[in-house]
Amino acid sequence: MMGKMLMVVFVGVIGVSFSACSDLPRVLVLHDPLTPEEHVTLGLAYEVEGRPELAAREYDGALGKEHGYMPALIRLGNLAFDRGALEEAEAYYRHALIMAPEDPGVNNNLAMVYLTQQEKLDEAERLANLALAQGGPLRPYVLDTMAHIYVRQGRYREAQTALNNAEALAPQYDRTLHQRLTQLQQELATSHPHMEQGLEVEH
C-alpha cells in the first residue's frame with residue numbers, strides 16, 4: 001500500500017514538473033537557411049562596410065555548410081593576410097590549393113605571403129609562374145608579384161620586364177595597382193637607372 005502511494009505521489013510530482021516546464025519559453029534550434037554562396041556574399045558586404053569580424057563569421061558559416069568551400073577559404077585567407085596573420089593566411093591558401101591546385105588567385109596570394117615574409121622566394125616564384133600560366137584578368141597582378149619577387153632576388157632586369165608587362169596590362173580603374181607599379185618603377189629607376197633602357201613589353 002505504501003509503495004502504491006509513493007508511486008502515485010511521484011507520478012503527481014512529475015506531472016506538475018512537466019506542467020510547469022510547458023510554461024517556460026522554448027529554446028529552438030534554428031536551421032541556417034543560407035547557402036555557402038549566400039554566406040560569402042553577405043561576408044563580402046560586411047567587408048565593404050569595414051566589419052571584418054562579421055565577414056569572417058559568415059565565411060565560417062559557409063565552411064560549416066560545405067567543408068573546403070573555396071571562396072570562403074580564400075576570403076578568410078585574405079582577411080588573415082590583411083591583419084598580418086601570415087601563417088594563418090598561408091594555412092587557408094594551402095587548404096584552398098588542395099581543392100584547386102592550379103587556381104591563379106590562390107597561387108598568387110600564397111606567393112604574396114612568402115614575399116611578405118621574405119622567405120621561400122623560390123617557392124613564391126614557382127607559385128607565381130603557375131598562376132601566370134593560367135592567363136586571364138589576374139595576369140597584371142601576378143606580374144606585379146613576380147616583379148617584386150625578382151627585386152628581392154636581385155634579378156633586376158627580369159623585374160623590370162615583368163613590371164613593364166604589368167603596367168601594359170593593368171586595368172585603368174585599379175588605382176591601387178597602378179600606384180604599386182609606379183612605386184616599384186621609381187625604386188628601380190633610382191637604384192638601377194640603366195634597367196629601363198632597351199627593355200620591351202612582352203605581348
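What span should the 13 residues of α4 cover at 1.5 Å a residue, and how far apart are its end C-alpha atoms?

**Whole chain**

Start with everything shown. This is a predicted model. Colour by secondary structure: you get ten helices and zero strands. From the N terminus on, the order is α-α-α-α-α-α-α-α-α-α. The protein has 203 residues, and 38% of them count as buried.

**Select 36-48 and 52-65**

These are helices α2 and α3. Look at how they lie against each other. Their axes are 8 Å apart and the packing angle is about 170°. Angles over 145 degrees count as roughly antiparallel, and α2 and α3 are therefore roughly antiparallel to each other.

Show side chains at the contact. From α2, pick Pro36, His39, Val40, Leu42, Gly43, Leu44, Tyr46 and Glu47. From α3, pick Leu54, Ala55, Arg57, Glu58, Tyr59, Gly61, Ala62 and Lys65. Colour this set by type: nine are nonpolar, three polar and four charged.

**Stay on α3**

α3 has 14 residues. From its first C-alpha to its last it reaches 20 Å, close to the 20 Å expected at 1.5 Å a residue.

Which residues of α3 are buried? Select Ala55, Ala56, Glu58, Tyr59, Gly61, Ala62 and Leu63. An α-helix has 3.6 residues a turn, so residues three or four places apart point the same way. Bring the neighbours back: the buried residues of α3 pack against α2 and α4.

**Select 70-82**

This is α4. Here is the reply to the opening question. At 1.5 Å a residue its 13 residues should span 18 Å, and its end C-alpha atoms are 18 Å apart, so the two agree.

**Last stop: Gly84**

Step just past the end of α4 and select Gly84. Check its backbone: phi is positive, at about 85°.

Methods: Residues numbered from 1 in each chain as written. Predicted model: local features only at pLDDT ≥ 70, side-chain atom pairs only at ≥ 80, totals over all residues. Heavy atoms only, no water. Axes fitted to C-alpha atoms, helices over the stretch in contact; angles between N-to-C directions. Helix = DSSP H or I, 4+ residues; strand = E, 2+ residues; numbered from the N terminus. Parallel < 35°, antiparallel > 145°, perpendicular 65-115°, else oblique. Contact = heavy atoms within 4.5 Å. Nonpolar A, V, L, I, M, F, W, Y, C, P; charged D, E, K, R; others polar. Expected span 1.5 Å × (residues − 1). Buried < 20%, exposed > 50% of the residue type's maximum accessible area, 1.4 Å probe, protein only.
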